[in-house]
Each structure stands twice: as structure tokens, then as C-alpha cells.
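Work through the exercises below with the sequence and the coordinates at hand. Each task is followed by a worked solution.

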Amino acid sequence: MLSNPQETIKVIQENNFTFHKKYGQNFLIDSHVIDKIIAAAEIDKDTKVLEIGPGIGTLTQYLAEAAKEVVAVEIDDKLIPILDKTLAEYDNVRIIHGDILKQDIASIFGDDSFKNSFKIVANLPYYITTPIIMSLLESNVPAESITVMIQKEVAERMKATPGSKDYGALSLAVQYYAEPYLAANVPPNCFMPRPNVGSAVIRLKRLAVPSVEVKDDKQMFKLIRGAFNQRRKTLANAVSNFEGLSYSRQDVEEALTKLGLDPRVRGEALSLEQFAALSDALSDD
């Protein structure tokens, strides 16, 4: 299996493969971590899996043995012939060359089978983690869950709660759509080449409906971005100075007071429910 570092080195050398920084390529070389990913994603023989960024196919091999069907989307054209070799023995794997952000995900499993849910698994390039995850969450594809290897710092932000240093706009955006579960911390020596940061496996279990009711979710998230744009300022000051929002400081302070909140509160103190209530209150004015 490719989780053996010697096998990974052999494949890289035989194919004269060169790592591309622009794709943020770090290949997993630890079978215990792979087992944790598959356990966290709750993969079984009835599961269809969409894998993003299979690399040379290390995680893909394990997914193919555990799941019913695996579709792997890889952006680097140099890896496609390598994947054809490393995954040749698996008849339940299909490789697509492309950018996941430009894929019509609804067509990947076919119109009929796509009506049934699937799970997303990925070892994501750290530089584009947030855009990929938010695109998947916002696009309403019927994925039961998204289990990903990402930078540890980003994983901690996704599951952060009000008042903590990691809590921010990303925490609120993720928790609006999904329930985050931090499955494992992963040190740099589990990859080739080693990244400069610690990593983590996080599972985002998709909620059947968003976690809060709000009249206009786009407006709420604009309010949230405004609140955290100048984190050290009060929420009212930060929002009133945020381009794209037309609320005055007085508007925000009055709305906060109506909700029984301190008008001098900072954004980091508000829960998602309170941001939804504030957004609704401001839209009523």
C-alpha cells in the first residue's frame, strides 16, 4: 500500500514526479491516520465517496476497499497517469481530471444515483481549504458529511465557540450548515513532504436544515463579516465601519439593546442565534 513511505518514494521516483507548491501537495504516509479518516467519515460498503485531491492515490486505495464507489477529482494533470497505475486493481474507482471548484458535482454520480446521498473525503491543499469547504456547504449538494484533513488552526476555528480566541466568521459559517467534530490531530511527519504546520482531521456532518432561522442569511453573514472585520472594536463600531453595510452605530446599538444585549458588546461574544436575531432586528428597522 502507498501508506508505506518506501512505496510512496518508489512511485514518485519511477514517475519522475515533482511536487507543485501551487497545488499544496503533501501526501499522507501514515496508515493509522488514514484509518482515523475512514472511521470518522463512517465509510462502509454502502457508501459512495467523492474524494478531492487524491494525489498518488494513498487514501484512495483505502477508500476503495472500504466503500461501494469512489470518484476522485484531481487537478494536477501529472498525477492522472500515476493514479491510473496505483488504482488499476480497483474497479470501483473513477478518476476525474479537474478543479473541484469548477466541477458540476451534481453530475458526478449520474442523475439517478446522485439523488442518494454520498460522503466527501479529502486531504485538502491548505491554501484553498476555506473556499472549497464553503463552496461545498453553500451549494446544497446532497453530501451527508465532509471529512477533511486541513490545517489544525483552521479546524479549531471551525469548531470554536463564542468567546474563544479562535471564534470568528468561519466558525459561524460552518456551524450554520454543519456540525463539526474534530477527529484527530496529525503531526507533520505523517506527510511527504512535511508541511510547516500541524494538521487535523475534521468531520462536518451536514445539517438537514440550517442551525438557525433567519430572514436573510446573506445579510446575516455580511453582518458577521462586518462584526469580525475589526475584532477589537465593539460590534456596533465594526459594523458601522464595514463597507457594504449601511447601518449606523446607533442603529446597531439600539437593536442590541432591544435584544437585551450590551450595546458595547464585541462580535466574538455573540452566538449564531444572536447574530440571526440581530440581523432580523436590523432588517425590521
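This is a predicted model: local features need pLDDT of at least 70, side-chain atom pairs count only at pLDDT 80 or more; totals for chains, interfaces and linings use all residues.

Residues are numbered from 1 along each chain as its sequence is written, and side-chain values use heavy atoms, with hydrogens and water left out.

**Exercise 1.** Determine which backbone nitrogens lie by the side chain of D30.

Step 1. Locate the residue: D30 sits in the loop between β1 (27-28) and α2 (31-41). Helices (H or I, at least four residues) and strands (E, at least two) are DSSP runs, numbered from the N terminus.

Step 2. D30 is buried and has no salt bridge; K36, the nearest side chain of opposite charge, is 7.6 Å away. Buried means under 20% relative accessible area, exposed over 50%, and partly exposed in between (1.4 Å probe, protein chains only). A salt bridge needs a side-chain nitrogen of Lys or Arg within 4 Å of a carboxyl oxygen of Asp or Glu. Lys and Arg count as positive, Asp and Glu as negative; His and the chain ends are not counted.

Step 3. Look at the backbone. A polar atom of the D30 side chain lies 2.8 Å from the backbone nitrogen of H32 and one lies 3.2 Å from that of V33.

**Exercise 2.** Find which residues of helix α1 (residues 5-14) are buried, and how they are arranged.

Step 1. The buried residues are T8, V11 and I12.

Step 2. Seen down the axis of α1, these fall within an arc of 100 degrees (taken from the directions from the helix axis to the C-beta atoms), so they line one face of the helix.

Step 3. The face turned away from the buried side carries the exposed residues Q6, Q13 and E14.

Step 4. At the helix start, a side-chain oxygen of N4 comes within 2.8 Å of the backbone nitrogen of Q6. Just after α1, N16 has a positive phi of about 50 degrees.

**Exercise 3.** State how many aromatic pairs the structure holds, and examine the pair of Y167 and F228.

Step 1. The structure holds 7 aromatic pairs. Rings of Phe, Tyr and Trp (its six-membered ring) pair if their centres lie within 6.5 Å; planes under 30 degrees apart count as stacked, over 60 as edge-to-face and the rest as tilted.

Step 2. Y167 and F228 are edge-to-face, at 6.0 Å centre to centre and 80 degrees between the planes.

Step 3. Y167 lies in the loop between α6 (152-158) and α7 (169-177) and F228 in helix α8 (residues 217-229), so the pair ties together parts 61 residues apart in sequence. Both Y167 and F228 are buried.

Terms used. A polar contact is a pair of N or O atoms within 3.5 Å; within protein, one must be able to donate a hydrogen and the other to accept it, and residues adjacent in sequence count only if both atoms are side-chain atoms.
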